[in-house]
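Me: Could you take a close look at one part of this model for me? I'd like a connected walk through it.

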Amino acid sequence: MYRKGHIGIGIALYAPVAFWLASVDLMGAFGVGLVCVTFVSYAPDFDVWLPLVAHRGATHTVLAAVLVSLAIAGGSVALGVQSGLIASSPGAMGTTGGFVVGVTLLGYLGHLAGDALTPMGIRPFRPVSNRRYSLDLVTASNETANTAFATVGTLALSGALVLGVDFQDGVVDVVAAI
């Protein structure tokens, strides 16, 4: 997958979370989650700019997904506390950190799933297992597939946001939402 395909998969996976956040009027969290998911949906491919890291190597593993998610959550909590956006209580920091870990894992694992659709596949459990996983459905450069994933993700996220905001009133008017 290319960038727009990966981001499309990430935001499609985020859509149910986005619906819930919008339905309970947590739009700040919605924005933070969207930024996290969008960034990490493409982040594993930063390996193409790293001279000593093979493409779809160490950055395309479940271990990398966990480590990156923990690092982003730690940085987010530290920045939030320092700026006064997050209370320095264990509950506030834990809730924020847990949320950021969850959405970044969602986006990162979505990236891995997208690459598993290609003939090259991925080896997600390295260094424990060297087994390659590939569904061999589309090539990474398939413009139609990348555009389709981007479109589906955009529609899913947009629909989740509209319905979530509409749901705040306690009744979803499906006809009005369309």
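Reply: Buried here means under 20% relative accessible area, exposed means over 50%, and partly exposed is in between (1.4 Å probe, protein chains only). By that rule Thr-61 is buried, because its relative accessible area is 4%. Before going on: this is a predicted model, where local features need pLDDT of at least 70 and side-chain atom pairs count only at pLDDT 80 or more, while totals for chains, interfaces and linings use all residues. Residues are numbered from 1 along each chain as its sequence is written, and side-chain values use heavy atoms, with hydrogens and water left out.

Back to Thr-61, then. You'll find Thr-61 in the loop between H2 and helix H3 (62-83); helices are DSSP runs of H or I, at least four residues, numbered from the N terminus. What does Thr-61 touch, leaving out residues up to four places away in sequence? Tyr-108, Leu-112, Arg-123, Pro-124 and Arg-126, with contact meaning heavy atoms within 4.5 Å. The Thr-61 side chain also reaches the backbone oxygen of Ala-58, at 3.1 Å. That's a polar contact: a pair of N or O atoms within 3.5 Å, where within protein one must be able to donate a hydrogen and the other to accept it, and residues adjacent in sequence count only if both atoms are side-chain atoms.

Val-24 counts as partly exposed because its relative accessibility is 41%.

Key
Helices (H or I, at least four residues) and strands (E, at least two) are DSSP runs, numbered from the N terminus.
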